[in-house]
Amino acid sequence: MTARRYVVRTYGCQMNEHDSERISGLLDACGYEPAAGIDDADVVVLNTCCIRENADNKLYGNLGHLKSIKDQRPDLQIAVAGCLAQKDGEQIRARAPYVDVVFGTHNVGRAADLLATARVDGPITEIAEPSGDTDTFASALPTRRDVSYAGWVTIQVGCDNSCAFCIVPAVRGPEVSRPFLDLVAEVEALAADGVTEVTLLGQNVNSYGRDLARAERRAGGDVAIRPMFADLLRAIGSVAGIRRVRYTSPHPKDLRPETIAAMAETPSVCEHLHLPLQAGSDSVLAAMHRGYTADRFLERLASARAGIDDLAVSTDIIVAFPGETEADFNQTLDVVAEAAFDSAYTFIFSPRPGTEAAAMADRFVSPEVGVDRLERLKAVVERSALMANQARIGRTEEVLVEGPSKRDPAMLTGRTRQNRLVHFATPDGGLAAGSYCTVTVTGAAPHHLRGQMAERGDRPRHRTKIPVVAA
Ligand code: SF4
């Protein structure tokens, strides 16, 4: 009997990409094989995201396409997973009755069972509620990594905050941290498999461990509240073979001096901090329930830059949040100029059903104003990004090779420790993805560097090559 073949299509954030690796790993463990594409797949899993704009429209557009394939090949199984599945559950099958399986973010581990059950008993929807049980972590399941030299490690799921624009607390539940020693063991296993770069994932990584300490105290233990994220950075950063540790995303209100010290004192922790500002107006920040003022954000940023040599800082910013006035927006521009970010992900507010901000329709800002503000914001970000990149010209930087450059296949692309994208030439051809080298920077643009390889470094020694299709 030939094995059934699968494709996992991923939408949204790194947390979802990591869940997709686990879904793929589970299917592998159950005898499925990866397909080259949808045309030769027997199972298509759409791992959805409800954070990005028009997520519903994109999902139903893709499902419509899959339906036409399923009409020709009725044995094709279609599964919908991820945040949108968690949020909408049965509604998905009501709109797309040809979907075979719908499962949420808390029962990723049931993917293979549900697909098998649906083949016998017919379509099935199973949405688990957050249980606080660490068995539900995707990281505790088998994995199939899409990049062999780098690995994601989920350290925490859920979020205890209540940002007015965000659906995460509703679909991922309250914060649940994985046990410290499990995480260290997982990184040791990744290192043994040849992984040299790990990225620690969580919705609010720097509050890692808060729930563990609370639970310990409730059980009668004498656990002082301590910055366990800092401890975790130090422990994971000292695993043999791990050369780079990154993490995303921390919350500015929880960025503690101990975390800054751990970053500064752990050589493998990269000199890059993603610190989401979201807005520079105190009244907008209050309406968003972000828990800090613009001044507090700038103070935390200044502490991080003072404590960590050569730190690059990226951020997220939303313009046209409900009620944002021109004066509010100008304050954002002022804060962004002062912060001099190295890069930024910028968005126009769009309401996500189920969030507090979606109910603020009477204060929505017009789309034209949103577009105008986004362009003005991007101009300010690009100015500081270009200056920061130009300041690298003439320097020689360590680069982790990602592969041939998409712009020019004769060049290679990689990332510096500061997470800057660099396109570079080599005198004698290719270096495999996962290799390290040094590159002398010769040119700069707002979003990348250009350079020439200076010296070859270590070759990759990973063993696993994994295809997970990103959408
Ligand atoms: S901190 Fe705010 S934006 Fe981030 S996941 Fe939690 S609620 Fe969402």
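Q: Where does Asn-419 lie?
A: Asn-419 sits in the loop between β16 (412-416) and β17 (421-425). Strands here are DSSP runs of E with at least two residues, helices are runs of H or I with at least four, and both are numbered from the N terminus.

Q: Before we go on, what kind of model is this?
A: It is a predicted model: local features need pLDDT of at least 70, side-chain atom pairs count only at pLDDT 80 or more, and totals for chains, interfaces and linings use all residues. Residues are numbered from 1 along each chain as its sequence is written.

Q: Back to Asn-419. What is its phi?
A: Phi of Asn-419 is near 70 degrees, which is positive, and the residue is not a glycine. Most residues other than glycine have a negative phi.

Q: Why does Asn-419 count as partly exposed?
A: Because it has 17 C-beta neighbours inside 10 Å. The cut-offs are these: buried means 20 or more other C-beta atoms within 10 Å of the residue's own, exposed means 12 or fewer, and partly exposed is in between, with C-beta atoms placed from the backbone.

Q: What about the phi of Ala-340?
A: Ala-340 has a positive phi too, of about 50 degrees, and is not a glycine. It lies in the loop between α13 and β14. Ala-340 counts as partly exposed because it has 16 C-beta neighbours inside 10 Å.

Q: New topic. Which peptide bond is cis?
A: The one from Thr-248 to Ser-249 is cis, with omega near -5 degrees. Most peptide bonds are trans. Ser-249 is in the loop between β11 (244-248) and α10 (257-265).

Q: What is Pro-276 in contact with?
A: Leaving aside neighbours within four places in sequence, Pro-276 is in contact with Ser-249, Thr-315 and Asp-316. Contact means that the two C-beta atoms, placed from the backbone, lie within 7 Å.

Q: And where is Pro-276 found?
A: In the loop between β12 (272-274) and α11 (282-288). Pro-276 is partly exposed because it has 19 other C-beta atoms within 10 Å.

Q: Let's do helices. How many residues does α14 have?
A: Helix α14 (residues 367-390) has 24 residues. It reaches 34 Å from its first C-alpha to its last, close to the 34 Å expected at 1.5 Å a residue. The expected span is 1.5 Å times one less than the number of residues.

Q: Which residues of α14 are buried?
A: Gly-370, Arg-373, Leu-377, Val-380, Val-381, Ser-384, Ala-385 and Asn-389. They pack against β13 (312-319), α13 (326-339), β14 (343-348), β18 (436-444) and β19 (449-456).

Q: Is Ala-379 buried or exposed?
A: Exposed, because it has 10 C-beta neighbours inside 10 Å. Ala-379 is in helix α14. Its C-alpha is 9.8 Å from that of Leu-333, 46 residues apart along the chain.

Q: Is Phe-349 buried or exposed?
A: Buried, because it has 22 C-beta neighbours inside 10 Å. Phe-349 lies in the loop between β14 and α14. Leaving aside neighbours within four places in sequence, its contacts include Phe-165, Ile-318 and Gly-370.

Q: How many residues of α9 are buried?
A: Seven of the ten residues in α9 (residues 228-237), so the helix is mostly covered. Among them are Phe-229, Leu-232 and Ile-236. What covers them includes α7 (180-192), β10 (197-201), β11 and α10.

Q: Which residues are around the ligand?
A: Cys-159, Asn-161, Cys-163, Cys-166, Val-168, Pro-169, Gln-203, Asn-204 and His-251. A residue counts as near if its C-beta atom, placed from the backbone, lies within 6 Å.

Q: What classes does that shell have?
A: Five nonpolar, four polar and no charged residues. Ala, Val, Leu, Ile, Met, Phe, Trp, Tyr, Cys and Pro count as nonpolar, Asp, Glu, Lys and Arg as charged, and the others, Gly among them, as polar.

Q: Last one. Where is confidence lowest, and where highest?
A: It is lowest in strand β20 (residues 469-470), at a mean of 36, and highest in α13, at 98. Those values are pLDDT, the predictor's confidence in each residue, from 0 to 100. Over residues 463-471 the pLDDT is below 50, and this stretch has 27 contacts in the model beyond near neighbours in sequence. The protein averages a pLDDT of 88, and 91% of the residues score at least 70.
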